[in-house]
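Student: I would like a close look at one part of this model, taken slowly and with its surroundings in view. Please begin with the chain as a whole and then work towards the part itself.

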Amino acid sequence: MKKPNIFVWFMGLMGKRLPVYLLAVFVSTVGFAGSMIANAWLVKNVMTAAQTKETEGLLLTVVINFAVIVLSMFVWRFGIVRYNIEAKRGIARVEKRVFEKVLRLPVSYYENKHSGDFMSKLVYDMEKAGDIYGSRFRRLADAVLSTIIYAIPMFVLNWQLTLCLVSLSAFSLVVNGLFMKPMKTYGGKLSSKNTGLTQKLTNILSGMETIKIFPAGHKALEEYDIANEECYKVQKKTNYISAGLESINSMCDLLSSLAFLAVGVLFVSNNLANMGELTAIYTIYGSFRRVVLEVGKYIPQMMSCVANAERIYDFLALEEESKGYVEETTTDNRLAFSDNILSVKDVSYGYTEEREVLKDFSLEVKKGEFVAVTGQSGCGKSTLVKLILGFYPPKKGTFVLEGRSYRNMSYKEVRERIAYVPQEPYLFETTIAENIAFGKHDSIREASMDKIIEAAKAANAHEFIMKLPEGYNTVLGERGNTLSGGEKQRIAIARAVYKNVPLLLLDEATSALDNESERLVNEAIERLCEDRTTIMIAHRTSTIERADRVVAMG
Amino acid sequence: MVDKRNKKNIFWETGVKHGGLLVVYIISAIIINVAVIAGNDYLARATDTFIAGEAVDFKSLFVPITVLIVVGTIMTYIKSVSGNNYSAKVQRDVKGKIVSRLVHLPYKYYDEKGTGSIMTKLVSDINEVGRFFSEVMPELIIDLAIVVTVTVYLLNMDVWLVLVLYATYPLLLYAADVLSKRLTSVVKKRRNSIDMRTQVAFDAIQGIEVVRSYNLENAMQKKINYYIDDVAEQGCKSTKITSMGYVLRHTMNTIPVVLCYMFALYETIQGRMTTGDMLAFSILLKRIVWPLGNIVFCVNDIRELNVALNRVQEIYAQEIEESGTHTYSKQELSNIAVKWDNVTFSYDGERDVLRGMSFEIKAGQTVAFAGGSGEGKSTVFKLLCGFYRKNGGDYSLFGHSFEDWEIGAARECFSYVSQNVFLFPQTIWENVAFGKVEASKEEVIEACKGANIHEFIMGLPNGYDTMVGERGVRLSGGERQRLSIARAFLKDAPILLLDEPTAAVDAGTEELLQEAIERISVGKTVIIIAHRLSTIQNADRIFVVDKGVVAEAGTHNELLASDGIYSVMHGEEVAGYEET
């Protein structure tokens, strides 16, 4: 796919807001210009009065001028506020899309990318790209508009002379244009260095315990320092480039004054322009030069932000997890597994082309059965879980759930029918009640408290929850770190109970649980399994012994 | 040595350290001002004479203009580089200082603030800070310089003019102050919402497997949308305030200017001022009006940026974890490795986890903590390492009060072995090498062999270069435990904290693990958190933890004989086995 113009694409992200936004930018520019013109006019009138000593009617003119200034200031403010509102909401819109995207990428993305990558995108790139809406575009548009506004009367006065002057300015613009590319390149470099920096920071924050207890943990800090230094170096290079640009612009400014004089002399002495025209053009040319300078200055600044927008583009262009997958390999459409809740037939899968973790694996699970899956680590137990949940499409083979092939179901439907308890329970930073309610609902508001308590009781979690000062409303900290391993596990089980579906998929915890905890967890699992079908990745002999059937993998 | 509490302002420190660049910036900015103004004056005069109908002497113009162009160009370059590098340097140093401080902060800080907030501060707020140093502050200084010089000049011309000019400024200052105060509260709210947004995003990514398997995408989206919208709304509010400030500034700027003109006009008509004077005055006025307004409304900018500055400073000023100053030589260490006397602790000040815990562990002993879930066994480890500080009681480490120990030296005494160790998203090399400063490859391999994990590692496609952690190979609990043993081998600390694995990983792995643990335990004080009583029967001493105190202590046999909690637990465990 061909990449569109990033700037155009990014502005387009505003959607329906764009026309209002553009209009607001225009209004604010006009308002501001209005006040400047009224201001200049006022000064001119006073100066004329001082020269001619004629003060009649001056007061009225001053009052009118002042009124115009105030009025145009309010027009300006109206424009500024409106455009800012549109910009802020526009940014919010893009942020939402970025987040929507990260929730919907294939599972392999999260396994291959550092979480710092995305965080940097959301915090750093988004902020810089948002500057396009927030300030960069308006400044540039303002300067371009003003350039045109100033150029028109100049052209009307004497187009030949103006053409000469404009082409001089155009030259400085071309020079500025040469800086566009390096600025964009360095904007991109800076962004990737920042991603690295955020990664190192994430490492430090998540590995704090290790860093504290091992003196060598300070390596993580050194790594941050190195990344920080790299970031600084790129920033420094960027500074040199933009300094070069700035100095060229200031040179052009003085040169163009000189050029004006030379061109003016040339034109007047050749009778191509008269003194009056020249004087008039001269007064406007000062402002014209200033805004052209601004155009030159703002374009490269904008390009640096466009580099960040491009990263957002690349991110949004990533392929999302498909809604479901379509198998090509087999036309075997026999769905005669009526009393089997899940059939896995001849499934192969490998993370890389060369190494197949699963090879022609088949498994039939009857309704109400308790199946324990065992095997050495690395034999593909966890992969099987992920395939059943549709985290990856299999290379080959069929899955049939409740008589329907995965090919006829969306992943969403598949996942709706399976209650999954992962090996390491993950609890979100919200209340315990909501963590359980997440089993079926999008928020606590849709859930019934009675059902939540029921689920917690079934999971043997109710008692310890009630011992907490805030009970079910206890807000869990990051990674649920105030609870013990067993407690977390039981909340995760309560979540699965709350989901209340016929098929349970459990990845037994390998991490340490004490006896009592394990008893409580096992009891909960047993209760959970009662009238349901259970597939359990088992590590413990006690679990394996309890199963109706043991499937050894590998 | 890190200062315990930092009263110093991090920005002041770093800002002054690189102050040389700022001086260069200001000097070059002043030279540019002079040069550009002089150059333009030259040209303007020449243009004026030309427009007045006289011939222009290009030759006489050529040399000064060329000089000015060269000076202006060079100075602009210097100014730009020095200003931007100044800001970049300050940012770099602030980031470095903050991060090196992060590891010295007490655990409580992280529990309260969360990763999102710290991340936003170091990625986003720091950018704002950069803007302060590259734009706001230098501009403010230059504006001040201009205003002062021009005012002095004007004072020489006409004192009354200056009075008229400044007459409305108190009002303007007042207005700016009122607005900026309102702005501060809005900006603070906005920043907090940004923290929350980052936090929610981080949470969702960390828990993506659960998000997926429970179809929680919409739930997460709703959550973050709430904060994203709030950030936008607070942004809109702050725009309304700042834009009001701009309007005020322009209007209020215009009033004194108009008044000044009228006044000057009056003076001129009265004959007290010449037209030439008035012309000069109007030129100067033009030059001073903008900086004047800027200075006043810099207050707005500064207040806004101050929110960001304060947020970063807040980390810096945070009290770091308590630490004594003593390090002890081997001869100074007593043979009582750990002694607790009536130690109490609570995470939140409400739920007491430890309610007066006492025990004594001799050097070289192997002891175990047993007891129910949530009774505070893991908390004991956290307190031993000083991750959290006890609320009451005494804790001495090798005969010295823990409070006297330099915290780093105290931690040198402990190795921690667990299945739940955090693995950095890096290679196995790097992860194991955390055990020792400047560990060589041979040492790492030796340690891994000792931990019985070498063979496993060699079996991985990339061997020791295999990536682990959040991206890369997912290791099982047993493998992680053995990696943590390898780290412990490298560290070779006198006390080994062992978070017992569950009995059954799988038979083969179990054996490897036990062997490794035995090997690492030789000659060490071993403190075990036991989850199964069967594995600790040989311990020199077992502490049974119940309701936050050591309820029983003794050897396996003694405890069984005493017929207490331990024997009940033991009975349950045995029954549990027989049942299956």
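This is a predicted model: local features need pLDDT of at least 70, side-chain atom pairs count only at pLDDT 80 or more; totals for chains, interfaces and linings use all residues.

Student: Which part of chain A holds the open sheet of four strands, and in what order do its strands run?

Tutor: Chain B is built from 18 helices and ten strands, and because its radius of gyration of 35 Å is well over the 25 Å that the globule rule gives for 580 residues, chain B is more spread out than a compact globule. Taken along the principal axes, the C-alpha atoms of chain B fill a box of roughly 115 × 55 × 50 Å, and 45% of the 580 residues of the chain count as buried. Of the contacts in chain B between residues at least 6 apart in sequence, 79% join residues at least 24 apart.

Chain B also touches chain A, in a contact that takes 135 residues from chain B and 134 residues from chain A. On the side of chain B, helix H8 (residues 217-270) gives the largest share, with 27 residues, and by class that side has 59 nonpolar, 50 polar and 26 charged residues.

Within chain A, the domain assignment gives domain 1 (6-316) and domain 2 (340-553), and the C-alpha centres of these two domains of chain A lie 53 Å apart. The open sheet you ask about is in chain A, where its four strands have the order S2-S1-S4-S5 with antiparallel pairing. Its edge strands are strand S2 (358-366) and strand S5 (404-405) of chain A, each of which pairs on one side only. Strand S1 of chain A is joined to strand S4 (residues 396-401) of chain A by five bridges, and these two strands run antiparallel; one residue pair to look for is A:Ser343 with its bridge partner in S4(A), A:Val400. Helix H11 (residues 381-388) of chain A lies across S1, S2 and S4 of chain A, and it runs at about 120° to S1(A).

One residue of strand S1 deserves a separate look for its backbone. A:Asp346 lies in strand S1 (residues 340-349) of chain A, and its phi is near 50°, a positive value in a residue other than glycine. Most residues other than glycine have a negative phi. As for its surroundings, A:Asp346 counts as partly exposed because it has 16 C-beta neighbours inside 10 Å.

A:Asn271, which is not a glycine either, has a positive phi of about 60°, and A:Asn271 is found in the loop between helix H9 (218-269) and helix H10 (275-316) of chain A. With 7 other C-beta atoms within 10 Å, A:Asn271 is exposed.

Leaving aside its neighbours within four places in sequence, A:Val268 is in contact with A:Ala273, A:Met275 and A:Leu278. A:Val268 and A:Leu161 are 107 residues apart in sequence, while their C-alpha atoms are 9.8 Å apart in space.

Definitions and conventions
Residues are numbered from 1 along each chain as its sequence is written. Chains are lettered from A and ligands numbered from 1 in the order in which they are written. Two residues are in contact if their C-beta atoms, placed from the backbone, lie within 7 Å. Ala, Val, Leu, Ile, Met, Phe, Trp, Tyr, Cys and Pro count as nonpolar, Asp, Glu, Lys and Arg as charged, and the others, Gly among them, as polar. A residue is buried if 20 or more other C-beta atoms lie within 10 Å of its own, exposed if 12 or fewer, and partly exposed in between; C-beta atoms are placed from the backbone. Domain bounds come from an automatic or database domain assignment. Two strands pair if DSSP finds at least two bridges between them. Axes are lines fitted to C-alpha atoms, for helices over the stretch in contact, and angles run from 0 to 180 degrees between N-to-C directions. The radius of gyration is taken over C-alpha atoms; the globule rule is 2.2 Å times the number of residues to the power 0.38.
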